[in-house]
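Let's take a friendly walk through a protein together. Have a look at the sequence and the fold, and then read on.

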Amino acid sequence: MTTETHVKGDTLTVRRVYDASLAETWDAWIEAGKTTHWWGCSQTTKVRSEVEPKLGGKYHHEMTIEGQGEHLIAGEFTAYDPPSLLAYRMPGIDPEQTMDVRVEFKEVFGGTEVTLTQNMIPEPFRGMVEAGWTASFDRLARFFDGDRRAA
């Protein structure tokens with residue numbers, strides 16, 4: 001199985017089916033001890049995560065990126081419907097702008113389909129955001145195969 005991506009305008013859609021149950025896949029997204037193993041772009045070497053899994057809850061992922069230092073991704077959950085939907089708002093590059101991310105989880109034959117949609121991505125950063133999510137989705141597949149990054 002591969003990670004499928006599609007960019008249309010300022011919106012990115014990423015989809016993949018994982019060889020894991022719906023509960024396992026959901027937990028990988030909301031348990032900080034699990035996100036530390038798969039979150040981040042291909043150059044991410046370490047992640048420190050805090051996740052408050054509830055509507056209005058906060059999340060905070062601080063990534064160490066090889067050659068670039070620390071990079072923070074943080075925001076607030078705007079939808080929380082276990083185990084089928086997570087949505088959150090995060091700051092954009094411009095302090096006046098925000099980006100919305102919606103992650104849907106669906107049980108399918110052979111595992112769980114995860115579909116992520118992120119919108120309002122500024123033009124100069126669309127390729128970087130697409131590459132980052134593709135790497136994260138690929139890392140999540142390896143996580144389910146037993147690959148664990150040092151947290």
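Predicted model: local features only at pLDDT ≥ 70, side-chain atom pairs only at ≥ 80, totals over all residues.

What does the accessible surface come to? It is about 7900 Å², and carbon and sulfur atoms account for 52% of that area.

## Overall shape

Picture a box drawn along the principal axes: the C-alpha atoms fill roughly 40 × 30 × 30 Å. A compact globule of 151 residues would have a radius of gyration near 15 Å, and because the protein has 14 Å, it agrees with that expectation.

## How the chain is built

How many helices and strands does the protein have? There are 3 helices and 8 strands. If you follow the sequence, they come in the pattern β-β-α-α-β-β-β-β-β-β-α.

Now think about which parts of the chain touch. Take the contacts between residues at least 6 apart in sequence: 45% of them join residues at least 24 apart.

## A closer look at R139

Let's zoom in on one residue. R139 sits in helix α3, which covers residues 126-144. Is R139 buried or exposed? R139 is buried, yet this residue has no salt bridge. A salt bridge here would need a side-chain nitrogen of Arg within 4 Å of a carboxyl oxygen of Asp or Glu, while the nearest side chain of opposite charge, D147, is 7.0 Å away.

Terms used. Residues numbered from 1 in each chain as written. Heavy atoms only, no water. Helix = DSSP H or I, 4+ residues; strand = E, 2+ residues; numbered from the N terminus. Buried < 20%, exposed > 50% of the residue type's maximum accessible area, 1.4 Å probe, protein only. Lys, Arg positive; Asp, Glu negative; His and termini not counted. Rg over C-alpha atoms; globule rule 2.2 N^0.38 Å. Contact = heavy atoms within 4.5 Å. Areas by Shrake-Rupley, 256 points an atom, 1.4 Å probe, with all protein chains shown as cover.
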